[in-house]
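Subject: A structure for you to explore

Hi there,

Here is the structure I promised to pass on to you. Please open it next to this email, and then read on for what turned up.

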Amino acid sequence: MKKAVSMLLIAAMVVSGLTACGSSSKKADDKFYIGGIGPTTGGAAIYGTAVKNAAQIAVDEINEAGGIDGHQIEYKFEDDQHDPEKSVNAYNTLKDWGMQVLMGTVTSGPCVAVVDKTGQDNMFQVTPSASSTDVIVNGNVFQICFTDPNQGTASAQYIGDNKLASKVAVIYNSSDVYSSGITDKFLEEAKGQDFEVVATEAFTEDSKTDFSTQLKKAQDAGAEMVFLPIYYTEASVILKQADTMGYAPKFFGCDGLDGILDVENFDTSLAEGVMLLTPFAADAEDEATQDFVKKYKDAYGDTPNQFAADAYDAIYTIKAAIEEAGATPDMSVSDLCDALKEAMPNISIQGLTGGEEGLNWEPTGEVVKQPKAVIIEKGAYVGM
């Protein structure tokens, strides 16, 4: 009899444990699981680290304010080292974790690889900074940054409208979708502007340590400005080598140059006067920007760049889309994606990068917002 009672007690304890586990699981399922992917190590780590940190600030703000329609956010970020294969691996890791929405990836090459997976899974994806048009081909991905064509067009227009130079050279990475995409549209738009492109010089991933040939051709062609639609690591090398050879043109780039002031062992005085097209300047005087900059500095001891601002806006974009759709955490990944895709063209957020008119979206996934430019003065980005 005692044995039977003991067995009943054990059974009761097991049932009780299962019930407790079930309650805990149910509570966990009442959250939205948002994953992020980007480089936090390697040559593009400045981008991914900024995105990871700023997204965390937005998540913490939303959770402290009561969540999304009362539901908390669970957030996890994976490093992809700016490598497409590692980015796909990171995506699979986040799927196993329970990700419902992806905020990423940060750079275009890895993002192109991952969108094939999110397209197959019909998972909603917002990329803070992958600007290639190839990332929005499946209809489930929305961008916070300008597309490459828009950056190329806007850069040529800005240089022409502000009469920054009469002769311009271009140095770009022909093996990178980001760089070549911007270059194509820049050259196309330049034909209608009041300046001449006197040299168009390419390099590849296998030849990005010596730019003396490209710089010499630009110098010999009389280029007063060099357009650099490339990432900050290569740009820092170009600025060093131009200085060494006594060539001092103006330099103009896009969002990929944001981060050049943080390159290890780089003489930031060489970046004085460098201009770049970007929708965010940390010195802006509006309350939202200053509040964000203070929180970022307090938490991470650094000034946030445009990638950080894009990520912050990306999390709030996801929140706005969920609220517009009336979506709940118990929806399947695919149903949630369908609801958010339908909601996106109907939402608008002010954001940190939206300017006076805010951020809006085309059904294609392209963002609609105002382009801005900043210039580096005394080791800081200053709005132009």
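From which domains does the lining of the second largest cavity draw at least three residues each? The answer is domain 1 (31-146 + 286-369) and domain 2 (149-278); these bounds come from an automatic or database domain assignment.

Before the details, two notes on the source. This is a predicted model, in which local features need pLDDT of at least 70 and side-chain atom pairs count only at pLDDT 80 or more, while totals for chains, interfaces and linings use all residues. Residues are numbered from 1 along each chain as its sequence is written, and side-chain values use heavy atoms, with hydrogens and water left out.

**Cavities**

The whole structure holds two cavities of 30 Å³ or more. On a 1 Å grid over the protein atoms alone, a cavity is a set of points where a 1.4 Å probe fits but cannot get out, and lining residues have an atom within 4 Å of a point. Grid points are joined across faces, edges and corners, and a volume is the space filled by probe spheres set on the points.

The largest cavity has about 50 Å³ of space. Its lining includes C145, F146, D255 and K372, and by class it has four nonpolar, three polar and two charged residues. (Ala, Val, Leu, Ile, Met, Phe, Trp, Tyr, Cys and Pro count as nonpolar, Asp, Glu, Lys and Arg as charged, and the others, Gly among them, as polar.) Domain 1 and domain 2 both give residues to this lining, so the largest cavity lies between them.

The second largest cavity has about 40 Å³ of space. Among its lining residues are S129, Y178, D255 and F307, and the classes are four nonpolar, five polar and one charged.

**The largest pocket**

A pocket is an open set of points with protein on both sides within 12 Å along at least five of seven lines. The largest one has about 250 Å³ of space. Of the 18 residues that line it, L261, A282, T303, P304 and Y381 lie nearest its centre. Where does the largest pocket lie? Both domain 1 and domain 2 give residues to its lining, so it lies between them.

**Nonpolar cores**

A nonpolar core is a set of buried Ala, Val, Leu, Ile, Met, Phe, Trp, Tyr and Cys residues joined through side-chain atoms within 4.5 Å. Buried means under 20% relative accessible area, exposed over 50%, and partly exposed in between (1.4 Å probe, protein chains only). The largest core has 104 residues, and M103, L228, F252, I260, F292 and W361 have the most contacts inside it. Helix α10 (residues 306-325) gives the most to this core, with eleven residues. Helices (H or I, at least four residues) and strands (E, at least two) are DSSP runs, numbered from the N terminus. A second, separate core of nine residues includes A90 and Y91.

**Backbone details**

A cis peptide bond joins G104 and T105, with omega about 0°. You will find T105 in the loop between β3 (101-103) and α4 (108-121).

H82, in the loop between β2 (73-79) and α3 (84-97), has a positive phi near 60° although it is not glycine. Is H82 buried or partly exposed? H82 counts as partly exposed because its relative accessibility is 26%.

Enjoy looking around!
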